[in-house]
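Open the structure in your viewer and keep the selection tool at hand. The tour below goes from one selection to the next and says what is there.

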Amino acid sequence: MAVTSSAQAARQALADRLREIRVTSGLNGRTLAAAANWHPTKVSKLEHAVTAPSVEDIRTWCALCGADDRASDLIASLVAADTMWTEWRRLERTGLRQANKSVVPLWEATRWFRIYSSCLIPGPVQHEGYIRALLTATKNRRGLTDDVEETVAVRVAKQKVVHGDRRFAIVVEESALRYRIGGARVLADQLRHLLEVMSLPSISLGVVPLNADRTRLRPTEMFFMFDEKQVSAEFVSGWLRITAPGEIALYAQAFQLLTSMAVHGDAARSLILASLEALGD
């Protein structure tokens with residue numbers, strides 16, 4: 001699954017609409033560029049989604065093509081495409097606390113969570129110390145404002161959703177049980193916490209063993225499925241919000257495969273206990 005497939009498709013759709021407006025107006029690309037006082041290649045780059053248009057570009061394009069009435073709709077499409085892919089630096093420009101608060105409404109509206117992680121214990125079942133270690137590392141790595149403690153409080157409060165009638169199907173790779181986020185002691189506390197919360201009726205926890213046959217599907221990016229409405233996938237530079245039904249179906253299929261590779265119940269507990277023992281705890 002391509003990192004920006006949904007966003008790129010939306011941008012290309014916008015580019016196609018711009019081209020349609022130009023062709024209908026009878027203008028060629030060079031004439032439009034000259035009238036707008038743009039570089040001669042700009043029209044081609046906009047129509048092939050090589051360059052994303054600005055709001056002013058769209059207004060100018062529509063005005064010169066005699067399609068002022070189309071501008072508002074195209075600008076709305078531009079905003080929608082931009083919100084599919086969000087860079088962390090843009091999301092976190094006012095700090096980690098606000099970025100974490102922004103997803104609370106989505107969490108509260110969701111009844112069925114499907115979560116996969118190859119590298120971390122996912123948010124709904126994270127221990128406070130583990131959360132603090134992750135946030136501190138993020139703050140330091142990205143040079144953000146220090147609002148770690150306030151953000152920890154937001155993240156812990158957000159976990160109340162696991163104590164209700166929502167369903168959480170969580171699959172992690174065994175490697176996620178081994179990575180020493182925050183050091184050995186913090187990881188040990190996290191693993192003990194995981195053993196506790198996996199007994200909650202709302203949570204189904206699966207662990208894909210290191211020796212599982214990965215022919216059908218290799219480890220993928222971390223992703224969260226919110227009912228059948230949205231998928232959020234996390235990457236190094238940002239996160240992707242996926243709403244196209246066809247792409248959501250692909251993630252649902254991947255999650256089903258990963259679940260079938262995972263062990264559950266006592267077998268999953270054994271893997272968690274083995275990770276604890278490896279820490280000497």
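Start with helices H9 and H10, whose axes come within 10 Å and cross at roughly 135°. This makes H9 oblique to H10, because angles under 35 degrees count as roughly parallel, over 145 as roughly antiparallel, 65 to 115 as roughly perpendicular and the rest as oblique. Axes are lines fitted to C-alpha atoms, for helices over the stretch in contact, and angles run from 0 to 180 degrees between N-to-C directions. Helices (H or I, at least four residues) and strands (E, at least two) are DSSP runs, numbered from the N terminus.

The model is predicted: local features need pLDDT of at least 70 and side-chain atom pairs count only at pLDDT 80 or more, while totals for chains, interfaces and linings use all residues. Residues are numbered from 1 along each chain as its sequence is written, and side-chain values use heavy atoms, with hydrogens and water left out.

On H9, select Glu128, Ile131, Arg132, Leu135, Thr136 and Lys139; on H10, select Val148, Glu149, Thr151, Val152, Arg155 and Val156. These residues make the contact (heavy atoms within 4.5 Å). Five are nonpolar, two polar and five charged; Ala, Val, Leu, Ile, Met, Phe, Trp, Tyr, Cys and Pro count as nonpolar, Asp, Glu, Lys and Arg as charged, and the others, Gly among them, as polar.

Next, select helix H11 (residues 184–197) and helix H13 (residues 265–278), which pack at an angle of about 160° with axes 10 Å apart. H11 is therefore roughly antiparallel to H13. The contact is made by Ala188, Leu191, Arg192, Leu194 and Leu195 of H11 with Arg269, Ile272, Leu273, Ser275 and Leu276 of H13. By class, seven of these residues are nonpolar, one is polar and two are charged.

Move on to helix H2 (residues 29–36) and helix H4 (residues 55–64), packed at about 115° with their axes 10 Å apart. H2 is thus roughly perpendicular to H4. Select Leu32, Ala35 and Ala36 of H2, then Thr60, Trp61 and Leu64 of H4, to see the contact. It has five nonpolar residues, one polar and no charged.
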